[in-house]
Amino acid sequence: MDNTISKFIELPVQKRVDFWSHQKIGHIRKLSGTGMASEIFVENNESLRILDNIIFRGNKSHAIPNMDIQTDTMLAGMKLSVPVYLGDMSYGALSGNPNIAIAKTAEITETMAGTGEGGLYGSVSGSKRIFVQWASARFGVSAGSLNQGAAIVIKIGQGAKPGIGGHLPGSKVTHNISLARKIPENMDAISPAPHHDIYSIEDLTQRIEALKILSDKPVFVKVAATNYIPYIVTGIARSGAAGVIIDGHGAGTGAAPVAVRDNMGIPVELAVASADSILKKENLRKNFTIIAAGRVSNSTDAMKLYALGADVVSLGTSILIAMGCIMVKKCNLGYCPVALTNRTDSSKSLDIDFAVNRVVNFINGFRSEMAEMMGKLGISSMKELTGNRDLLEARNLSGETMELLGIRYGNPVDLDPVQGNFEYDIKYLNSLINKGEPVMSSMGSNAPPEVDKPARIIDWLRLDGAQVTRPSIDPYRENINLDFYLSGGDLVISMPVIINVNGADKNVMEALEWASLFIGSVTIDYNPEMDNPEINFPDINSGKHRYSFIASGENLDRNVDGFILEEDRYTELKITEINDILRKEGIRENYDLILEVSRFRNSGDIIKYLALGCDSVILSSKIFESGLENNYSNLNEKALNFLMGIRKELALLSGAMGISNLQYSIVGNKELLRSVNLDSSIGKAINVQEGGSR
């Protein structure tokens with residue numbers, strides 16, 4: 001039986017909303033089939049994504065013939081027919097033939113391709129239009145590989161997982177991959193979170209200079225879009241780099257922890273606009289290239305990013321879709337049904353000619369759509385388009401977001417922070433309960449506010465990822481202290497998580513109590529609706545600790561060890577209110593502020609609440625029971641997995657933020673938070689800045 005994939009497979013039913021909708025996939029498939037323009041000025045009026053709420057303004061009916069429109073640009077000393085970079089996808093994450101197809105497409109279409117980390121696949125190494133990656137693990141890196149292609153990329157971070165290294169599961173480290181990466185077979189290939197020789201901009205400057213001397217090639221730096229992107233990019237520009245690849249949150253990946261993927265980093269559009277503005281202000285923009293990556297789903301997205309300041313856009317997931325990806329999101333498991341991300345020793349393989357034909361058509365159609373849109377806007381060259389924000393108009397964007405983007409047209413709008421109903425991610429909870437490890441996934445995030453509808457204020461908040469200016473810490477190899485001291489230091493718990501077992505099934509209650517005792521935490525049993533709002537925390541060392549259940553900052557009882565706040569529509573505002581009251585009185589350190597949480601998306605929620613000012617959170621046992629899906633076997637093991645999984649995810653998130661002691665570095669540290677088009681008044685009330693601000 002021939003297992004060579006040479007046609008598109010029917011798309012499966014999408015059981016939940018996905019960024020890569022059937023409509024987006026259908027558009028890409030149409031381009032890859034015809035090579036001709038299909039849709040221009042694509043709009044999505046239902047979306048909360050910032051890029052979707054930017055439109056091209058005014059008259060879009062100019063008529064410049066396509067033959068007079070120049071979409072070409074220069075990158076790394078080579079002419080691109082269209083400013084497109086075929087994103088960094090490694091040999092190992094992809095199965096070999098897709099890597100060849102991408103490199104061949106770059107040659108045929110006169111674009112550029114990234115190779116990702118992990119060394120060069122033999123059939124790709126001779127390509128001229130590739131960027132060779134130099135990542136933290138140095139997998140497969142040699143003087144020979146660095147002298148291939150057009151340029152070198154120092155990968156500091158990526159949008160799907162800021163602050164942590166790459167992760168190729170051991171099941172995909174086959175014989176061929178072990179040879180390419182120079183690592184053992186069947187063992188996880190986990191890149192260090194930081195480069196252990198890059199802990200500052202000065203260190204980065206030395207690495208850039210060394211690589212330029214070694215290869216005589218331009219050097220680019222790839223970073224995730226995070227809080228301090230303006231400072232990071234100016235540092236990169238001053239370090240002698242030729243440009244930067246900014247990878248926005250939600251970007252695709254072969255494998256990433258869900259808690260990191262869904263909570264860290266900011267949208268690429270905010271980062272690109274901010275970077276372009278600061279580079280111009282510092283007179284560093286000339287001859288410095290900005291490549292925008294992450295969720296560029298069509299030519300309309302690309303056009304907006306060019307207008308916001310990008311010189312080139314990176315296409316990653318869309319290229320995979322053009323080759324046949326059907327979004328089953330099992331890339332990390334090695335069983336890709338269309339032979340894109342399957343193990344390299346799989347019986348299935350992708351037909352290279354089919355893949356090249358489809359991606360070449362896609363790029364040609366993409367370019368045709370760009371040319372048509374440029375013509376209708378009265379623009380004849382990329383020079384007229386790049387950074388031309390006067391072409392843009394905002395809708396449904398806050399004043400702070402518009403200001404950061406540099407968009408003058410459109411009326412500021414503050415959106416209701418509650419746009420949908422909260423639902424547990426049962427798949428996530430079930431994986432946590434059954435494996436006790438950080439939940440892994442692949443491809444892009446569907447997290448709020450851009451895809452899933454936000455149901456809480458924290459759904460509009462993003463966590464920072466450490467890069468260069470604040471190096472990340474490797475949670476796999478370095479110790480991260482998650483201990484929390486409550487009640488003036490009398491009560492010590494192994495992580496800032498307490499379980500409320502009130503109302504739980506007796507067996508569930510006993511399992512959670514046992515698991516909490518095992519890992520050094522506590523459970524409590526109380527009903528927040530009881531008449532007496534005071535509760536007690538049991539502690540085997542110190543007896544009782546008295547806490548008061550409160551609804552707001554009014555009339556705080558000072559004769560307790562702390563306060564417990566129940567979540568509601570404005571929880572985040574109340575946390576800020578109580579913190580401010582206690583700080584003004586100079587007694588904040590005398591009291592614990594603990595939040596009762598029943599709506600739990602993943603471990604990122606805990607970190608966000610800590611950064612807003614909480615000392616710990618209480619999770620309802622109903623969260624654990626939801627993930628059981630009525631399977632009550634092996635409850636002790638599952639309860640321990642649940643708590644250990646959360647603990648490991650908290651360590652991952654802490655390391656990614658560059659934090660070695662969670663309590664001392666995170667509680668009340670709002671600099672680690674950024675908002676994404678959050679209602680302006682709420683953003684000011686909780687004192688959280690807009691993503692990309694400086």
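Begin by selecting A504, which is placed in the loop between β22 and α15; helices (H or I, at least four residues) and strands (E, at least two) are DSSP runs, numbered from the N terminus. The model is predicted: local features need pLDDT of at least 70, side-chain atom pairs count only at pLDDT 80 or more, and totals for chains, interfaces and linings use all residues. Residues are numbered from 1 along each chain as its sequence is written, and side-chain values use heavy atoms, with hydrogens and water left out.

A504 counts as buried because its relative accessibility is 12%; buried means under 20% relative accessible area, exposed over 50%, and partly exposed in between (1.4 Å probe, protein chains only). Apart from neighbours within four places in sequence, A504 is in contact with M509, S621 and E625, where contact means heavy atoms within 4.5 Å. Display K622 next: its C-alpha atom and that of A504 are separated by 7.2 Å, although the two residues are 118 residues apart along the chain.

Now select helix α18 (residues 621-628), in which six of the eight residues are buried. These are S621, I623, F624, E625, G627 and L628. Their packing partners are α14, β22 (497-500), α15 (506-519), β27 (592-597), β28 (616-620) and α19. Just after α18, E629 has a positive phi of about 50°.

Proceed to helix α14 (residues 426-435) and helix α19 (residues 635-656), which pack at an angle of about 110° with their axes 6 Å apart. Axes are lines fitted to C-alpha atoms, for helices over the stretch in contact, and angles run from 0 to 180 degrees between N-to-C directions. From α14, Y428, L429, L432, I433, N434 and K435 meet K638, N641, F642, G645, I646 and E649 of α19.

Turn next to the charged side chains. R389 and D276 form a salt bridge (2.6 Å, N to O), that is, a side-chain nitrogen of Lys or Arg within 4 Å of a carboxyl oxygen of Asp or Glu. R389 lies in the loop between α12 (382-385) and β17 (392-394) and D276 in helix α8 (residues 268-281), so the pair ties together parts that are 113 residues apart in sequence. Both R389 and D276 are buried.

Finally, select R49 and D52, a salt-bridged pair whose closest N and O atoms are 3.0 Å apart. Both R49 and D52 are buried.
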